[in-house]
Number of protein chains: 2
Amino acid sequence: NGHGGFSSDGREYVILLPWEGDGLKRPPLPWINVIANPRFGVLASETGAGYTWSRNSQANRLTPWSNDPVSDPHGEALYLRDESSGAVWSPLPGPCPAPVDYRACHGLGYSSFRCEQAGLIQETTLFVPREDPVRILRLCLTNRGTEPHALSVFSYQRLVMANQPQAESAIVTAYDDRLDILTATNPQAGDFAGGIVFANARVFGIEVEDHAYSADRLAFIGRHRDPSAPAALEPGVRLNGRVGDGLDPCFAHQVRITLAPGESAICVFLLGEVMDATELTALIGRYPDLDAIDAALEDARAFWTDLVSRVQVETPEPAIDLMLNGWLTYQNLGCRIWARSAFYQSGGAFGYRDQLQDAAALVAIRPDLTRAQILLHAAHQFQEGDVLHWWHPEPLERGLRTRFSDDLLWLPFVAAHYIRVTGDAAILDENIPFIVADLLEPGEDERYLQPHPSGENGDLYEHCRRALDRSLTAGAHGLPLMGTGDWNDGMNRVGREGQGESVWMGFFLYRILGDFLPLSEARGDRTSAERYRSYRADLEQALESSGWDGDWYRRAYYDDGTPLGSAQDAECRIDALAQSWSAISGAVPLARAEQAMDALEAHLIDEANGLIRLLAPPFAGTPKDPGYIKGYVAGVRENGGQYTHAACWAVMAMAGLGRRERAARLLAMLSPVSHTSTPETVARYRLEPYAVAADIYGTQPHVGRGGWSWYTGSAGWWSRVALESVLGIEIEGGRTLVVRPCIPSDWPGYRVVYRLPDGVTECEIQVDNGGLGGVIEVWLDGVALALDAGAARVNLPSGAGRYRVQVRLG
Amino acid sequence: NGHGGFSSDGREYVILLPWEGDGLKRPPLPWINVIANPRFGVLASETGAGYTWSRNSQANRLTPWSNDPVSDPHGEALYLRDESSGAVWSPLPGPCPAPVDYRACHGLGYSSFRCEQAGLIQETTLFVPREDPVRILRLCLTNRGTEPHALSVFSYQRLVMANQPQAESAIVTAYDDRLDILTATNPQAGDFAGGIVFANARVFGIEVEDHAYSADRLAFIGRHRDPSAPAALEPGVRLNGRVGDGLDPCFAHQVRITLAPGESAICVFLLGEVMDATELTALIGRYPDLDAIDAALEDARAFWTDLVSRVQVETPEPAIDLMLNGWLTYQNLGCRIWARSAFYQSGGAFGYRDQLQDAAALVAIRPDLTRAQILLHAAHQFQEGDVLHWWHPEPLERGLRTRFSDDLLWLPFVAAHYIRVTGDAAILDENIPFIVADLLEPGEDERYLQPHPSGENGDLYEHCRRALDRSLTAGAHGLPLMGTGDWNDGMNRVGREGQGESVWMGFFLYRILGDFLPLSEARGDRTSAERYRSYRADLEQALESSGWDGDWYRRAYYDDGTPLGSAQDAECRIDALAQSWSAISGAVPLARAEQAMDALEAHLIDEANGLIRLLAPPFAGTPKDPGYIKGYVAGVRENGGQYTHAACWAVMAMAGLGRRERAARLLAMLSPVSHTSTPETVARYRLEPYAVAADIYGTQPHVGRGGWSWYTGSAGWWSRVALESVLGIEIEGGRTLVVRPCIPSDWPGYRVVYRLPDGVTECEIQVDNGGLGGVIEVWLDGVALALDAGAARVNLPSGAGRYRVQVRLG
């Protein structure tokens with residue numbers, strides 16, 4: 001596509017940055033990688049710019065986060081200085097590239113960079129180990145020339161140890177002679193004050209002629225200079241060795257080496273955070289030599305390779321395979337669940353519904369992670385049943401109490417899904433505390449607060465029950481109240497007065513009650529089961545009588561009873577959410593769902609531009625005030641652009657209705673690969689080809705431009721829709737493989753290798769398509785099985801094993 | 001001092017930036033100017049970098065604020081491109097200076113810059129009008145050469161319209177053909193969403209050959225470039241004319257002109273914010289031509305010149321004259337009260353005690369401003385008597401409720417001072433609403449909240465009464481409770497449990513009750529007067545029995561009853577606040593106050609380094625936890641550095657005790673002029689010579705380094721101590737001039753020209769010193785007057801007039 005492409009196994013994305021006379025050719029925006037473990041991580045763009053955090057990607061950044069896509073500044077940098085000529089350049093494409101071609105490669109768990117200049121090959125690998133709170137940068141220098149190279153290698157990191165850098169920083173730096181490292185503490189870091197940040201520089205394979213350091217950023221960069229030409233890189237300058245308090249703080253290291261012709265050296269730079277001196281000694285001790293460092297890189301890569309290889313698909317559609325076979329699972333776990341940070345947003349907090357939905361997409365391969373996430377979110381529910389809209393995990397443990405109506409319902413929704421897939425109903429018996437805090441005042445929409453333990457515990461079933469019971473509301477039309485927003489945060493004034501109702505919430509609740517009722521019954525909680533059944537019956541009526549608009553489903557009712565998303569409206573006449581969920585929920589007659597999805601097809605799918613819009617036409621001049629959504633430019637984000645999260649549900653609904661030709665085609669359309677296949681589409685879409693974007697602009701002049709990549713729940717939902725709805729592969733009760741494909745007639749079939757949630761059972765699934773799409777024959781290891789409700793349903797024996805499942809479609 | 005100096009009238013500071021081969025010579029840190037009117041302002045450093053705000057300097061920045069003193073980045077910039085050679089440079093010293101000498105000049109209400117290059121003289125003036133919300137930049141180009149100069153002039157501003165720039169901005173830009181201006185709105189700006197930001201470019205005196213614009217920052221700067229070398233400045237590039245939504249937004253203008261030999265042109269660039277189209281048309285209409293612009297500059301300069309010329313002093317000490325005759329009043333009103341923003345802090349909010357104290361320093365020259373500030377603060381008091389520690393003014397009107405014990409007391413303290421000086425006791429009858437909000441929970445230290453009108457009003461007397469009544473607490477030693485901090489914010493855990501007591505609060509309260517009692521009596525509020533008198537008598541006892549440590553006064557008692565600031569302590573053995581206020585309060589026998597100030601002299605004044613420390617030794621390893629002060633590095637800020645605010649009180653106390661030799665000497669030592677007289681002292685102190693700094697580092701290796709300039713309440717207090725305590729000039733009841741100098745014996749005398757608070761009475765005061773310091777003779781217009789209690793006390797007739805007062809000291 002003019003900038004790069006996927007490696008042959010699809011798990012690396014290679015970006016070529018050729019020198020073009022006055023600079024490197026670059027992608028239109030920073031194309032980043034998010035490299036994280038559960039407590040630590042780094043962001044790196046194709047130039048090597050980015051930042052490092054520990055414990056909290058917003059509140060405890062070790063180096064500066066930037067979201068300026070124009071300059072993509074370097075708060076961290078690496079330099080080489082030729083000690084003979086005085087020439088200075090960066091072995092990464094930024095901040096001061098040499099006039100040669102560079103190559104950047106983002107992989108799962110690491111990024112690497114390469115350039116060659118005057119016979120000096122420079123190969124850099126950046127990664128974080130699977131568990132240790134440290135960023136490791138490994139620079140391999142090889143002299144292929146015929147003359148010795150006398151070099152100084154510099155690493156530089158601006159220190160933050162807070163959210164943003166402070167001009168008058170309280171950071172105190174020191175040099176630890178025993179461990180040969182720079183350390184920094186920030187007594188003003190509040191809840192994070194206990195951390196010790198450290199960095200070191202080591203060289204393997206060659207003698208170090210000189211080693212110098214400095215924590216003095218003013219001296220390193222120089223007044224009115226910047227990381228592209230620091231003062232300390234001037235010829236002959238040696239780092240000044242200053243540490244202590246009262247500096248504008250940084251970590252800078254300088255090592256001087258001479259490479260003979262044919263000789264190689266490997267420089268390794270660590271940057272991390274520990275909680276005390278003991279941990280520091282132990283951590284440094286785990287990386288005594290190059291073998292340990294290379295083993296840590298291998299271990300990190302192996303972790304991701306193993307994780308993503310649990311589902312491997314081969315379909316006729318590369319835009320599906322490239323995403324499903326690695327990148328979206330990586331995006332989902334690494335960026336969404338662990339890092340909670342990317343270029344366009346760096347919140348650090350857990351969103352109640354966000355990471356629950358993300359975790360649901362992992363149940364097919366790592367149900368233990370899904371389980372842990374469910375229990376974590378349950379522990380952020382108030383005694384009253386409502387939940388923190390988002391919260392910062394410890395040491396902060398503070399969050400936002402709101403009146404959003406849907407947040408709490410994702411707990412039973414995801415719990416029921418988890419139980420259906422794994423069969424692990426015992427999760428409902430887990431005992432989890434409730435939290436307590438001030439109630440919101442009348443008229444108060446939200447409050448940032450520090451909740452306290454309530455002293456009251458309940459099992460997960462009780463947590464789900466309170467969420468449901470609090471949600472069984474009914475407004476004037478018998479539909480659930482919308483509060484200060486349902487799924488759509490921007491519709492925060494539709495139901496703010498407490499009267500407005502949400503049609504989508506009706507569908508959502510109908511589906512959850514349907515999923516949850518059997519669980520109530522299985523636990524003998526007849527009172528609840530009866531209440532849920534009765535509410536659900538009333539809801540079904542209300543959805544039909546007040547949800548249906550004539551040609552499609554309405555979206556909501558304002559506090560004053562005016563419908564929203566109705567043919568009588570000039571703006572937001574139709575909203576995708578209500579149509580998709582009419583089908584997903586099963587709440588409405590099939591014919592109505594078909595008609596609703598026809599309307600979605602006609603009004604919201606824009607194949608020319610490759611978009612599925614959230615609503616149309618966008619809000620612009622409506623006299624009614626739906627909320628801050630109206631503040632988005634028409635066609636942008638929730639206001640009528642493609643909001644990919646909801647677009648995935650449209651595909652899910654298509655598949656649910658058996659629209660075989662459409663589902664896979666639209667799914668592929670949503671893949672970032674489809675938006676970046678040519679130089680022209682890259683120039684329009686701009687974002688990374690290997691990470692799904694939260695939204696795509698829907699109006700001229702920016703139609704088709706990606707808005708916000710990486711930090712989006714659509715990574716998880718796209719994966720689920722691809723695997724469960726289109727390829728039709730699901731597990732029930734942990735051991736039953738269900739295959740019910742929904743693929744176009746021109747697909748000859750597809751192949752999936754799938755390791756079950758137990759981690760030891762592997763299925764090789766071969767689907768052959770006769771063209772009509774329905775399952776007509778199933779074999780397990782060559783033995784024909786009976787069909788069950790039109791699907792292949794294969795009960796696998798317990799214990800480890802490898803099975804071959806063949807499915808033939810008519 | 002190697003970088004520049006004051007102009008002959010002292011009201012400008014000129015910074016020379018000679019070209020030194022590889023760059024300009026610059027001061028060690030950004031030396032800024034804060035140019036503001038009550039609703040709008042700009043910051044500009046010596047390079048021309050800075051930012052612009054409207055309505056709120058933190059929450060509604062038009063362009064980016066930075067506090068990186070190393071790079072001092074340009075979010076706003078001006079460029080010239082020679083259209084013959086393609087050469088590009090900035091007419092300001094940044095971001096890309098030509099290789100010539102530059103000159104920057106900060107004045108009261110404006111900054112100007114000058115350079116000359118190849119016969120082209122470039123003179124830039126930056127200012128804001130007295131009232132209009134607009135930044136005006138006036139660039140005068142004169143061709144002194146013999147060849148015509150074909151030039152493009154570019155102005156550039158990155159748009160923020162929020163606190164920080166956003167990567168995915170909702171800002172919508174447009175070009176208004178009718179007014180020839182760029183406009184921008186940000187519907188996502190929350191409470192500030194109504195604003196329309198605009199910019200234009202005009203040229204006077206010459207024909208414009210071409211005019212182009214763009215709001216497309218990506219195109220202007222270029223990917224991976226920066227304001228020092230924007231893509232749009234490449235030879236021949238014309239701005240692309242793009243506006244609309246979905247851009248990384250900026251305002252950029254290009255005007256093309258050709259200057260014949262001898263010809264001049266003046267380019268004017270406006271940047272402002274209005275609330276609607278009508279205001280926009282009206283504002284633009286007020287600046288139709290160069291005369292109007294020059295008149296606005298003259299008006300702004302005249303405002304400040306008039307204000308500062310109300311007190312003009314001539315003493316033997318330039319370090320006093322330079323500050324008192326202009327800069328500190330400018331810093332106090334412009335930066336502290338109006339801008340509430342500077343390089344090291346940009347809070348935008350009013351601090352309850354902060355701006356009250358600042359306003360108190362204006363009572364001698366602009367009592368109307370003091371009055372308005374008192375009423376504004378009174379309106380931010382809760383029904384319960386406590387107050388918002390700080391708050392953002394409208395449209396936000398949100399702030400922090402805390403348990404600080406001193407905040408509320410500044411209201412009666414400053415009100416009593418205002419009444420004493422002006423005689424305007426009627427202010428006590430002003431009717432002001434109380435606010436209401438949730439009370440803090442037990443254990444909760446603070447909450448950011450939106451208060452509501454309580455519906456209850458009270459006169460200012462009632463507001464003061466509630467503040468006092470809430471403060472008449474007494475702990476185990478009979479001293480006032482400290483809460484989560486008294487004046488020293490960092491001592492927030494001394495009395496957090498509700499038991500800890502503050503000795504300083506005792507002195508402070510004693511003084512306030514003394515000032516306020518006559519007001520209560522005058523209003524016939526005998527109940528209160530009796531309560532105050534009785535509390536004050538008990539307090540006097542308690543201060544003597546539990547405040548005195550043996551050689552000085554203690555600072556406080558921890559919750560557990562352990563004393564703080566006692567000889568038995570290893571750290572914080574002595575604290576300046578308790579010593580100074582023992583004298584200022586009048587609560588203790590004179591001998592004790594003398595002994596306390598001797599101890600302050602011995603332990604806290606460090607003449608070698610020019611410091612008055614706040615406490616000594618600093619907290620470092622104390623097992624007790626006084627609060628976050630312990631988190632400051634030892635010797636920094638409140639933790640044992642010079643905290644200038646408190647240092648001023650030490651001088652005030654010295655003068656109060658009649659220590660004539662010390663008071664003026666220490667006062668001069670605190671002047672920034674004394675810290676910047678030589679290249680060596682500038683290299684150590686680093687900050688501006690023309691603005692007082694909040695703190696100075698107290699320990700090696702940074703002793704003597706200024707920590708935080710401009711945004712500090714010490715500007716107002718230094719002025720008061722200089723005028724009232726050292727020169728001994730005060731007004732009582734609006735018309736009585738009291739002169740009681742406290743000057744060293746080697747001063748021959750001094751002269752003051754002082755326009756009274758009424759604005760129409762001018763006194764020329766000549767003090768001649770016989771060497772013993774006491775007032776022995778007074779003449780009014782040549783007529784000898786009787787002495788009153790050892791002071792000159794001159795009752796001036798009412799009405800406008802000019803008087804000559806001569807005072808002879810023995």
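Predicted model: local features only at pLDDT ≥ 70, side-chain atom pairs only at ≥ 80, totals over all residues.
Residues are numbered from 1 along each chain as its sequence is written, chains are lettered from A and ligands numbered from 1 in the order in which they are written, and side-chain values use heavy atoms, with hydrogens and water left out.

**Entry: salt bridges within the chains**

I then placed the two partners: A:Arg555 lies in the loop between α10 (526-547) and β27 (556-557) of chain A, and A:Asp486 in the loop between α8 (460-471) and β26 (501-502) of chain A, so the pair ties together parts that are 69 residues apart in sequence. For these elements, helices (H or I, at least four residues) and strands (E, at least two) are DSSP runs, numbered from the N terminus. A:Arg555 counts as buried at 0% relative accessibility, and A:Asp486 is buried with a relative accessible area of 0%. Buried means under 20% relative accessible area, exposed over 50%, and partly exposed in between, with a 1.4 Å probe and protein chains only.

In chain B I looked up the salt bridge between the side chains of B:Asp386 and B:Arg401, which meet at 2.9 Å, N to O. B:Asp386 is in the loop between α6 (367-378) and β21 (388-392) of chain B and B:Arg401 is in strand β22 (residues 398-402) of chain B, so this pair ties together parts that are 15 residues apart in sequence. I found B:Asp386 buried at 8% relative accessibility and B:Arg401 buried at 1%.

A further salt bridge, at 3.0 Å from N to O, joins the side chains of B:Glu462 and B:Arg465. These two are 3 residues apart in helix α8 (residues 460-471) of chain B, which means that about one helical turn separates them. An α-helix has 3.6 residues a turn, so residues three or four places apart point the same way. B:Glu462 counts as buried at 18% relative accessibility.

I also noted a network of salt bridges in chain A that links A:Asp306, A:Arg310, A:Glu314, A:Arg751, A:Arg755, A:Glu762, A:Glu764 and A:Arg802. Over all chains the structure holds 136 salt bridges.

**Entry: two polar sites in chain A**

I looked up A:Ser346, whose place is in the loop between α4 (318-339) and β20 (350-351) of chain A, and which is buried with a relative accessible area of 5%. Its side chain makes polar contacts with the side chains of A:Arg61, at 2.9 Å, and A:Ser341, at 2.8 Å. A polar contact is a pair of N or O atoms within 3.5 Å; within protein, one must be able to donate a hydrogen and the other to accept it, and residues adjacent in sequence count only if both atoms are side-chain atoms. Leaving aside neighbours within four places in sequence, the residues in contact with A:Ser346 include A:Tyr51, A:Gln58 and A:Trp65, where contact means heavy atoms within 4.5 Å.

A polar contact of 2.7 Å joins the side chains of A:Arg138 and A:Asp294.

**Entry: the interface of chains A and B**

I found 49 residues of chain B in contact with 49 residues of chain A. The two chains bury about 4100 Å² between them, 45% of it on carbon and sulfur atoms; buried area is the accessible area (1.4 Å probe) that two parts lose on being put together, summed over both. B:Val70, B:Arg223 and B:His224 supply 19% of the area that chain B buries against chain A, more than any other three residues.

Across this interface the rule finds 10 salt bridges, and one that I looked up joins the side chains of B:Asp438 and A:Arg447 at 3.0 Å, N to O.

Technical notes: Salt bridge = Lys/Arg side-chain N within 4 Å of Asp/Glu carboxyl O.
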